[in-house]
Amino acid sequence: MNTLKTQSDDYFQKNWEIYQKVVVNNYMEHREFSSALYNFLNDYCQTPFSLLELGCGDATLTVQALLNTTIASYTGVDLSGVALEIAKVNMVQIQCEQTFIEDDISKVVEKLAQNQKQSFDVVMTSFVLHHLSLAEKDKVIQQVSHLLKPNGVFVLIDTVLKKEEDREHFINRYLENMYQNWNALSSQDMLMIDNHISTYDFPESQTTFYELAEKHNFVDFKCLYKDTIESAQFLCLYK
């Protein structure tokens with residue numbers, strides 16, 4: 001039995017309802033990030049393009065961003081098979097070639113980079129990399145740089161530390177906002193999110209991401225959107 005996969009499926013099933021409340025009430029500004037992604041894809045990818053999404057989950061918001069774009073092929077990667085089954089249903093409305101891979105994103109990008117058989121115009125990840133250590137983030141960004149076509153872009157949407165902010169202050173600030181403003185959630189919901197963030201979230205600063213991008217031969221780096229409380233950003237790393 002794949003224990004990590006089982007844990008991922010269990011986590012998704014237990015937390016999907018809470019996640020839906022967060023999305024529906026737009027507490028993490030998913031609508032704004034999805035709109036920014038749609039605008040970016042329409043502006044930057046005016047010809048048919050391929051997209052690899054790392055940690056796609058159920059792809060709910062990705063679908064909204066891909067509607068009426070020139071998407072030609074989509075590859076979604078997630079460790080949860082339960083999430084991928086929902087993603088397949090959600091992606092039916094997008095007319096393009098589709099592949100879904102049930103595996104750890106770090107393993108997938110390494111395998112794809114080693115095989116050198118596939119490359120992508122866009123690689124994206126949304127609220128996923130903050131679960132990795134700095135060394136693991138470094139490795140993923142390195143592998144992504146090998147997977148992108150010339151002029152390709154790595155879209156990185158994630159929690160980001162303020163300048164000179166450390167993890168402890170970020171988490172305290174984030175949770176304070178949650179307890180004050182996420183009113184549609186029950187106290188039990190909030191405790192589960194609190195435990196998850198306090199245990200598994202390791203955000204980096206924009207400067208750190210810029211340094212990693214430069215280290216792995218990305219030629220440009222832009223922030224296209226910041227959320228209202230300055231806890232998350234839409235970053236683009238250009239090859």
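Student: Which residues in H5 meet which ones in H6?
Tutor: This is a predicted model, to be clear. From H5, Ser-106, Val-109, Glu-110, Leu-112 and Ala-113 do the meeting. Their partners in H6 are Val-140, Gln-143, Val-144, His-146 and Leu-147.
Student: How does that contact of H5 with H6 divide into nonpolar, polar and charged?
Tutor: You get 6 nonpolar, 3 polar and 1 charged.
Student: And at what angle do H5 and H6 pack?
Tutor: About 40°, and their axes are 9 Å apart. H5 is residues 105-115 and H6 is residues 134-147.
Student: Left-handed or right-handed crossing for H5 and H6?
Tutor: Left-handed, as H5 passes H6.
Student: OK, switching to H7 and H8. How do their axes cross?
Tutor: At roughly 170°, coming within 10 Å. Angles over 145 degrees count as roughly antiparallel, so H7 is roughly antiparallel to H8. As for handedness, H7 passes H8 in a right-handed crossing.
Student: Which residues make that contact?
Tutor: H7 brings Arg-167, Ile-171, Tyr-174, Leu-175, Met-178 and Tyr-179. Among those from H8 are Met-190, Leu-191, Ile-193, Asp-194 and Ile-197. By class, the contact of H7 with H8 has 10 nonpolar, 2 polar and 2 charged residues.
Student: New topic: which residues does the UniProt domain annotation cover?
Tutor: Residues 52-154, according to the unreviewed UniProt entry, which labels them "domain: Methyltransferase type".
Student: How far apart do the end C-alpha atoms of residues 52-154 lie?
Tutor: They lie 10 Å apart, and the span is 41% helix and 30% strand.

Definitions and conventions. Residues numbered from 1 in each chain as written. Predicted model: local features only at pLDDT ≥ 70, side-chain atom pairs only at ≥ 80, totals over all residues. Heavy atoms only, no water. UniProt positions renumbered as here; feature names shortened; annotations may be inferred. Helix = DSSP H or I, 4+ residues; strand = E, 2+ residues; numbered from the N terminus. Axes fitted to C-alpha atoms, helices over the stretch in contact; angles between N-to-C directions. Left-handed = near helix turned anticlockwise from the far one by under 90°. Contact = heavy atoms within 4.5 Å. Nonpolar A, V, L, I, M, F, W, Y, C, P; charged D, E, K, R; others polar. Parallel < 35°, antiparallel > 145°, perpendicular 65-115°, else oblique.
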